[in-house]
Amino acid sequence: MIKTHTMRNILLLIFAFSVLGTSLNAQLMDGKKVFTKADTLRGTLGPERDWFDVTFYNLQLKVEPDKKYISGYNDIQFEVLRPNKVMQIDLFENMQVDSIVFDGKKLDFKREYNAVFIDMPKKKLKKGTKKNLRFHYSGNPIVAKKAPWDGGFVWQKDKNDKDWIGVACQGLGASCWYPNKDHQSDEPDSVLFSVAVPSELMFVGNGNLVDKKKEEGDYMRYDWFVSYPINNYNVSVNIGDYTHIDEHFVHEGDTLDIDYYVLKDNREKAIEHFGKDMDRMMKCFTKHLGKYPFWDDGFALVETPYLGMEHQSAIAYGNEYKPGYAGNTRFTSGLEFDYIVIHEAGHEWWGNNLTSFDIADMWIHEGFCTYSEAIFVECTEGYEKAIGYINDKKPWIGNEEAIIGPYGVNEEGSGDMYSKGSLFLNTLRHTIGNDEVWWDIILGLNVDYRHSIVTTEDIIEYINTKSGMKLDKLFDQYLRYPSLPKLEFKKKAKGKKHTILSYRWLSDVEGFDLPMKYKDAKGEWQKIMPTN
């Protein structure tokens, strides 16, 4: 927004890298949200959670589609950081805890909201040792009403009336369907995920299929192994009448397995559709974001009965082989690429490789990933198209709530983290004003923080260091406040040939100092450095 005393005489200020816009769908809560103890138990690493570090999950399940029922156990391997009497493991209260076993003995526990507090034998917990706890459970998990915008299981039938099942639980939490330490900061180093399903169906998980065997009752068990750290919500369930398509991507002599698991009737359609963008997307993201971060586990797209989700190495795909967003290319600035493929693949770097400690900082996932769509456009269509793509996102910005949410209560910030986050990153690019430095920052974040947990402060410090600039106040204004800074300026004639230009930023952050450009009377670009 530009504020001026004489609008008719406004200078031509080109906000090619500003963050402006109005809201189409943002909603503002009446007053402040009141958080409960349940929110704190979920969103904070309290004394029952911070004493152990999860290193491995061995999740063994049976899925019964006719009953919408799951049962089994999770072996939770953990390292003792310091001995403690109580362990908090999270599992939604509608799910049944059948038993909890440690060192061959059943342990007592109590439940509070969606947390399970387990009485641990403290004397057996030595600092630095690795232990294993087996958590047996069962029940009918929450059913998602509109995945992926809400969380839970999706139980559907394909057009041949065969079961087609998935799960999406980002935000809601993976503890809606399996017991785990459900805080984004603690990722297991690896996961073995074994699921038994009716023999006519296939189960597809994350990572690599390592075993397949018949079980009694006409069931087939599939074992999938993830060899890298993984977010809890990325562990995925995909069950259907799938066929497997095997492709490859070669980088510097090394071959990445690319797999598509699609409903059998869609095999030929999938081969043609995915082939349009996959190679050029991988080349672009490899150049600017670094080598695919889960190389040994492969890259996969799995057809799902919901739109999509960034499940690590097994991306949920439900865009029905259409261009744009569910066929709407207005969402992709008229370009014909498949939005779900490009966006969710971007999350393999932003969110899965580099993960925010608290979901209040989810802008790190969504802002950078939305900006990666523009990176893909710049790779394939050029710089001007990419700038247009970024600026076309302005109508989706509400500017009513801060992008960064409240910490410690499992609460995300505003949905502006997508479009406004992308525009803000474009603002940073042009504020730094050196593309060599900018692309070194984008690549360096994924290389230097490979498989790491980060905070907003980490990102700010990294970009400040790489750019040699002090950009804290830009981050604060655009991420911690909903309102946009306003450039106020006026002109005052001085004699017949001269004009005095006065200007300043009106902002929430004191000392805000974003540089701007304008065209003078000769049509030449001039740079100004407004402050408060």
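1. A word on terms to begin: strands (E, at least two residues) are DSSP runs, numbered from the N terminus. Serine 99 belongs to strand β5, which covers residues 96-102. Residues are numbered from 1 along each chain as its sequence is written. Please keep in mind that this is a predicted model, in which local features need pLDDT of at least 70, side-chain atom pairs count only at pLDDT 80 or more, and totals for chains, interfaces and linings use all residues.

2. Is serine 99 buried or exposed? Serine 99 counts as buried because its relative accessibility is 11%, buried being under 20% relative accessible area (1.4 Å probe, protein chains only). Leaving aside residues up to four places away in sequence, serine 99 touches Lys106, Arg134, Phe135 and His136; contact means heavy atoms within 4.5 Å. Between the C-alpha atoms of serine 99 and serine 71 there are 12 Å, with 28 residues separating the two along the chain.

3. The whole structure holds four cavities of 30 Å³ or more. A cavity is a set of points on a 1 Å grid over the protein atoms alone where a 1.4 Å probe fits but cannot get out, and lining residues have an atom within 4 Å of a point. Volume is the space filled by probe spheres set on the points, which are joined across faces, edges and corners.

4. The largest cavity has about 200 Å³ of space. Its lining numbers 19 residues, with Arg42, Asp182, His183, Gln184 and Ile359 nearest the centre.

Definitions and conventions
Heavy atoms only, no water. Helix = DSSP H or I, 4+ residues; strand = E, 2+ residues; numbered from the N terminus. Buried < 20%, exposed > 50% of the residue type's maximum accessible area, 1.4 Å probe, protein only. 1 Å grid on protein atoms, 1.4 Å probe; cavity = no way out; pocket = protein on both sides within 12 Å on 5 of 7 lines; lining within 4 Å.
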